[in-house]
Amino acid sequence: VEAVHLIADGKAPRIPQPKEGATYEGIQKKENAEISWDQPAAALHNWIRGHDKVPGAWATIDGQVVTFYGSSLLNASVPAGQELAIKGASRPGLVTKNGLIVFGNDGKMVLVRNLQFEDGKMIPASKYFSADETTALELTEEEKKMAEDIR
């Protein structure tokens, strides 16, 4: 009760917490989450996963900021894929059926599953080159009837 009264009266002692031994890291900002490509694959993976979901590790692709989500280390032979130039990377990434493969400076690979563009649109990384394609929704006769019934 005495402590509550001291606080209510504005007379409670204020002891600043020492910075030594503190483990709290401040809120990460998007501008500080850019991927530095001159690192081994394990460090790239840790950077991407460490910034997943907020603020999101990012790189510049085709002049726009693209955020990388869902990485994993890949221990396999280099799969077939379409090359994708990434600003600052010493080697282009590969868009494969499983996602985007990026390379560390040790030659090892990191698989990134999802990409998000500046406008907020998120796509599977494997669909990077088909992201602009749109398909029209075609309903079967049964679905058309159901849509009419719902209306």
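Student: How many bridges join strand E4 to E5, and do they run parallel or antiparallel?

Tutor: Three bridges join E4 (residues 93-96) to E5, and the strands run antiparallel. Strands pair if DSSP finds at least two bridges between them. Helices (H or I, at least four residues) and strands (E, at least two) are DSSP runs, numbered from the N terminus. Before going on: this is a predicted model, where local features need pLDDT of at least 70, side-chain atom pairs count only at pLDDT 80 or more, and totals for chains, interfaces and linings use all residues. Residues are numbered from 1 along each chain as its sequence is written, and side-chain values use heavy atoms, with hydrogens and water left out.

Student: Fine. How many residues sit between E4 and E5 in the hairpin?

Tutor: Two residues lie between E4 and E5 in that hairpin. Val95 has Leu100 of E5 as its bridge partner.

Student: And which way does E5 run against E6?

Tutor: Antiparallel, with four bridges joining E5 to E6. Val102 stands opposite Val110 in E6. The hairpin of E5 and E6 has five residues between the strands, and Gly107 there takes a positive phi near 85°.

Student: Is E5 mostly covered or open?

Tutor: Mostly covered: five of the five residues in E5 (residues 99-103) are buried. Buried means under 20% relative accessible area, exposed over 50%, and partly exposed in between, with a 1.4 Å probe and protein chains only.

Student: Switching to helices. Which residues of H2 are buried?

Tutor: Ala41, Leu44, His45 and Ile48 are buried in H2. Seen down the axis of H2, its buried residues fall within an arc of 100°, so they line one face of the helix. The arc is taken from the directions from the helix axis to the C-beta atoms.

Student: What does the face turned away carry?

Tutor: The exposed residues Asn46 and Gly50 are on the face of H2 turned away from its buried side.

Student: And which strands do the buried residues of H2 pack against?

Tutor: They pack against E1, E2, E5 and E6. Contact here means heavy atoms within 4.5 Å.

Student: What joins the side chains of Ser71 and His45?

Tutor: A polar contact of 2.7 Å. The term covers a pair of N or O atoms within 3.5 Å; within protein, one must be able to donate a hydrogen and the other to accept it, and residues adjacent in sequence count only if both atoms are side-chain atoms.

Student: Where is Ser71, and is it buried or exposed?

Tutor: Ser71 is in strand E2. Ser71 counts as buried, at 7% relative accessibility. Leaving aside neighbours within four places in sequence, Ser71 touches His45, Ile48, Arg49, Val110, Leu111 and Val112.

Student: Which ring does the charged end of Lys53 sit over?

Tutor: The ring of Tyr69, 4.2 Å from its centre. Such a charge needs NZ of Lys or CZ of Arg within 6 Å of the ring centre and within 35 degrees of the ring normal. Elsewhere, Arg91 lies over the face of Phe103, at 3.7 Å from the ring centre.

Student: What about Asp62: what is its phi?

Tutor: Asp62 has a positive phi of about 50°, although it is not a glycine. Asp62 sits in the loop between E1 and E2 (64-74). Asp62 counts as exposed, at 62% relative accessibility.

Student: Last topic. How many aromatic pairs turn up in the whole structure?

Tutor: Three. Phe117 and Tyr128 form a tilted pair, 6.0 Å centre to centre, with 35° between the planes. Rings of Phe, Tyr and Trp (its six-membered ring) pair if their centres lie within 6.5 Å; planes under 30 degrees apart count as stacked, over 60 as edge-to-face and the rest as tilted.

Student: Are Phe117 and Tyr128 buried or exposed?

Tutor: Phe117 is buried, with a relative accessible area of 12%. Tyr128 counts as buried too, at 10% relative accessibility. Tyr128 and Phe129 form an edge-to-face pair, 5.2 Å centre to centre and 90° between the planes. Phe129 counts as partly exposed, at 38%. Phe117, Tyr128 and Phe129 form one aromatic cluster.
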